[in-house]
Amino acid sequence: MSTTGPSPDAPASPAAGEDPRGVPRTRHAGNVQSMVISMAVILALVAVVVWLLPRPNAIEQPPADVPNAASGAAARLSFTPPVPTGLDGWTPTSAEVNRSTDAVLTWHVGYRTDEGEYVAVEVARDTTPAWLKAQTAGGDADGGQVVGGRDWERYLQEDRGRHSLVRTQEGLTVVATGESGYDVLAELVTATEAGWAATGSTWGAPAAG
């Protein structure tokens, strides 16, 4: 009588925890899955924190120092650079001399009004038609306006809603221009002339004394 059983030469059955080749099984797949889940949780937490953090709507720039800029610009210009006064609630955003269209040396002061609109005053001597066109954004003549007893020319660039007031006297041109209407620009004109008067200057002439 014979008994059946595994041949002494037959390979042994894989033990628990081993694959058919006899290599111990690992938990590698489970570890990778755990890492993926952990990373997803961390990223979700970071996203929530970033979303909850307050973010400024815009980068706030300090107001421009117009008097200081005018003091430094005076030596470069053939006229007194005006420092507009009396513009309560307006924020000066820029004050500088630049070489504009046709290389015309121009004193520029930009403002953000109390209504948040951008306006600027541009002052230059011996200007050209191309310079004026650039400062008014190609605006068309739009009649006239009296400001402080002086006659000013209106220019309107209708597509961009750009208004400008322009006056040339004794070879010096002043342009008040921007997003606001003519009445607001008249305030800028008045403030510009008041700035000249405060230094003893008349329409940009060298200050007295």
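Does Glu193 count as buried or exposed, and at what relative accessibility? At 18% relative accessibility, Glu193 counts as buried, because the cut-off for buried is under 20%. Keep in mind that this is a predicted model.

**The overall picture**

The chain has 209 residues, and buried ones make up 33% of them. It holds 4 helices and 7 strands. Reading from the N terminus, the order is α-α-β-β-β-α-β-β-β-β-α. Take the contacts between residues at least 6 apart in sequence: 48% of these join residues at least 24 apart.

**A salt bridge and its neighborhood**

How many salt bridges does a search of the whole structure find? The search turns up 1. Arg150 pairs with Glu193, and their closest N and O atoms sit 2.6 Å apart. Arg150 belongs to strand S5 and Glu193 to helix H4 (residues 182-198), so the bridge ties together parts of the chain that are 43 residues apart in sequence.

With a relative accessible area of 2%, Thr192 is buried. What does Thr192 touch, leaving aside residues up to four places away in sequence? The answer is Pro82, Pro84 and Val121.

**His108 in strand S2**

Val121 turns up again as a contact of His108. His108 sits in strand S2 and is buried, at 8% relative accessible area. Not counting residues up to four places away in sequence, His108 touches Ser94, Ala95, Glu96, Asn98, Tyr118, Ala120, Val121 and Glu122. Then there's Val175: it is 67 residues from His108 in sequence, yet the two C-alpha atoms are 9.7 Å apart in space.

**Loops worth a look**

Where is Arg160? Arg160 is in the loop between strand S5 (150-157) and strand S6 (162-169). At 58% relative accessibility, Arg160 counts as exposed. Its C-alpha atom is separated by 9.8 Å from that of Gly178, which is 18 residues away along the chain.

In general, most residues other than glycine have a negative phi. Ala103 has a positive phi, near 60°, and is not a glycine. Ala103 is found in the loop between strand S1 (91-99) and S2, where it is partly exposed at 44% relative accessibility. Asp126 is also not a glycine, and its phi is positive at about 55°. The loop that holds Asp126 runs between S3 and helix H3 (129-135). Asp126 is exposed, with a relative accessible area of 58%.

**Patches on the surface**

Which residues form the nonpolar patch on the surface? They are Met39, Ile42, Leu43 and Val46, with about 390 Å² of accessible area together. One of them, Ile42, lies in helix H1 (residues 28-52). Ile42 is partly exposed, at a relative accessible area of 45%.

Asp114, Glu115, Asp183 and Glu187 gather on the surface as a patch of negative charge. Among them is Glu115, which you'll find in the loop between strand S2 (105-112) and strand S3 (118-125). Glu115 is exposed, with a relative accessible area of 65%.

**Accessibility side by side**

Here are some of the residues from the text, for quick reference.

| Residue | Relative accessible area | Class |
|---|---|---|
| Thr192 | 2% | buried |
| His108 | 8% | buried |
| Ala103 | 44% | partly exposed |
| Ile42 | 45% | partly exposed |
| Asp126 | 58% | exposed |
| Glu115 | 65% | exposed |

Conventions:
Residues numbered from 1 in each chain as written. Predicted model: local features only at pLDDT ≥ 70, side-chain atom pairs only at ≥ 80, totals over all residues. Heavy atoms only, no water. Patch = residues over 30% accessible without salt bridge, like charges linked within 9 Å, V, L, I, M, F, W, Y side chains within 5 Å. Areas by Shrake-Rupley, 256 points an atom, 1.4 Å probe, with all protein chains shown as cover. Salt bridge = Lys/Arg side-chain N within 4 Å of Asp/Glu carboxyl O. Helix = DSSP H or I, 4+ residues; strand = E, 2+ residues; numbered from the N terminus. Buried < 20%, exposed > 50% of the residue type's maximum accessible area, 1.4 Å probe, protein only. Lys, Arg positive; Asp, Glu negative; His and termini not counted. Charge placed at Lys NZ, Arg CZ, Asp CG, Glu CD. Contact = heavy atoms within 4.5 Å.
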